[in-house]
Amino acid sequence: MSGPLAGIRILEIGHMLAGPYSGLLLSDLGADVIKIEPREGDIGRKVSPHFIGPHNEYFASLNRNKRSVVIDLACTEGQAQFHELARSARALITNLRPSAIKKLGLTYDALRSVNPRLVCVALTGFGIDSPYADRPAYDYVIQAMTGVMQLTGEPESPPTKTGYSAVDNSAGIMGALGLVAKLVEGKGGQVDVAMYDVMLSQLNYIASAWLNSSARPRRYAQSAHPYMVPAQVFPTGEGWLTLFITHDDFWRKFSLECGRPQWLTDERFATMEARRANRDAVVAAIAEVLRTSGARDWTSRLAPLGVVAAEVSTLEDALASEQVQARRMVVDIPAGDTTIRSIGNPLKIAGQAETFRPPPLLGEHNELLAEIVPS
């Protein structure tokens, strides 16, 4: 593999999403990611009902460019094999429970004598040591506990999760960031990433409003922004339109294009502060106008003016767009007699040619163990 992390070996002991996604990002950047799996393999190998040849679709989406070895970390021989790999590595990523991380010796304190330069990244629900450390923690649970679910959905609807695994993916990105930061520092050590902390950090300005102004967060209809008006989705004559007007110059352009110059002098509508104070009246007036045409037409009229507006698309439409094609965000990966279609690498680095290998079969690279640990 080529890339800025070429030549850097990273061990991954994880399952499902957060750990494997973190490893995926690093492997796409050229790191030699060795996935250490138990005999039954990563749970992700069995999640999806769909397979591409021998590859489970869920697992394939998260594990390209990696190598797989099978090691029983619970036995003495397995620990010896793991330690030999750790001597040749610069980092370890794991997203097991804290109790398992400690029991299997996957912390920096346990491994510093093996390799003092090793960076150990633990992706857990609540941190390696905390009051909630050994509680079960999945994406759904963290969304529920941090207020994300309570903030999501229509005002009168039940608490709602995000439409994708926001917690696991965000934690994976933070884990990769922490790992690279330690590599740049040039020292080994422990990186402790809690999914709970990651989601709280992403509530930044919403949490700040409560902490500093006692402003209780609440939901707004049609995914509206708490401060900016209009900034939400609107029904149109055909389809839904996302409209996000951040300042008064865009409001002027929008009003004129809508044929409503009176909105520029109406004291309820003329400024950002006034529109926020008169949210209901502003939204009702805009909704009436937007129903006169379809979302695609409004987008074609507003976007060239610099007004942030977009038709709400399906995933299928997004993946088929010219934007995706131009950015190479859908890639075809040859895998034996078949081809795996996958989402590409979002990091585009000048001068780096993107190459992708298929995800490994379970234990496909066990020869590494014979090379490293004499039998």
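## A walk through the chain, from Ser2 onward

Helices and strands here are DSSP runs numbered from the N terminus, with helices being H or I of at least four residues and strands being E of at least two. Before going on, keep in mind that this is a predicted model, so local features need pLDDT of at least 70 and side-chain atom pairs count only at pLDDT 80 or more, while totals for chains, interfaces and linings use all residues. Residues are numbered from 1 along each chain as its sequence is written, and side-chain values use heavy atoms, with hydrogens and water left out.

Back to Ser2. Its relative accessibility is 36%, so Ser2 counts as partly exposed; on this scale buried means under 20% relative accessible area, exposed means over 50%, and partly exposed is in between (1.4 Å probe, protein chains only). Setting aside residues up to four places away in sequence, Ser2 touches Leu29, Gly30, Gln352 and Ala353, where a contact means heavy atoms within 4.5 Å. As for Gly127, it is 125 residues from Ser2 in sequence, and the two C-alpha atoms are 33 Å apart in space.

Now zoom out to the whole chain. Its secondary structure comes to 17 helices and 13 strands, and its C-alpha atoms fill a box of roughly 85 × 50 × 40 Å along the principal axes. Of the 375 residues, 46% are buried. If you take the contacts with a separation of 6 or more, 66% of them are between residues 24 or more positions apart. The accessible surface of the chain is about 18,800 Å², and carbon and sulfur atoms own 55% of that; these areas come from the Shrake-Rupley method with a 1.4 Å probe, and for residues only the protein chains shown count as cover.

On to the charges. The chain carries 37 positive and 40 negative side chains, and the centres of the two sets lie 4 Å apart. Lys and Arg count as positive and Asp and Glu as negative, with His and the chain ends not counted; each charge is placed at NZ of Lys, CZ of Arg, CG of Asp or CD of Glu. Side chains of opposite charge can pair when their charged atoms come close. The rule used for a salt bridge is a side-chain nitrogen of Lys or Arg within 4 Å of a carboxyl oxygen of Asp or Glu, and by that rule the count is 22 salt bridges.

A few of these are worth a visit. Arg64 pairs with Asp28, with 2.6 Å between the closest N and O atoms. Arg64 lies in the loop between helix 2 (57-60) and strand 5 (67-70) and Asp28 in helix 1 (residues 18-28), so the pair ties together parts that are 36 residues apart in sequence. Both Arg64 and Asp28 are buried.

Then there's the pair of Arg296 and Glu311, whose side chains meet in a salt bridge at 3.1 Å, N to O. Arg296 belongs to helix 14 (residues 295-302) and Glu311 to strand 11 (residues 308-311), so this bridge ties together parts 15 residues apart in sequence. Arg296 is exposed at 61%, while Glu311 counts as partly exposed at 29%. Arg112 and Asp109 make another salt bridge, with their closest N and O atoms 2.8 Å apart; here Arg112 is partly exposed at 43% and Asp109 is exposed at 61%. Elsewhere, Glu12, Lys35, Asp42 and Lys66 are linked in a network of salt bridges.

Next, the backbone. Most residues other than glycine have a negative phi, and most peptide bonds are trans. Met16, though not a glycine, has a positive phi of about 60°. You'll find Met16 in the loop between strand 1 and helix 1, partly exposed at 23% relative accessibility. Asn65 also has a positive phi, near 65°; Asn65 is in the loop between helix 2 and strand 5 and is buried, with a relative accessible area of 0%. The peptide bond from Val229 to Pro230 is cis, with omega near 0°, and Pro230 lies in the loop between helix 10 (204-213) and strand 9 (231-235).

Tyr138, Tyr140 and Val141 make a nonpolar patch of about 320 Å². Patches are made of residues with over 30% relative accessible area and no salt bridge, joining like charges within 9 Å and nonpolar side chains (Val, Leu, Ile, Met, Phe, Trp, Tyr) within 5 Å. Tyr140 lies in helix 6 (residues 139-145) and, at 52% relative accessibility, counts as exposed.
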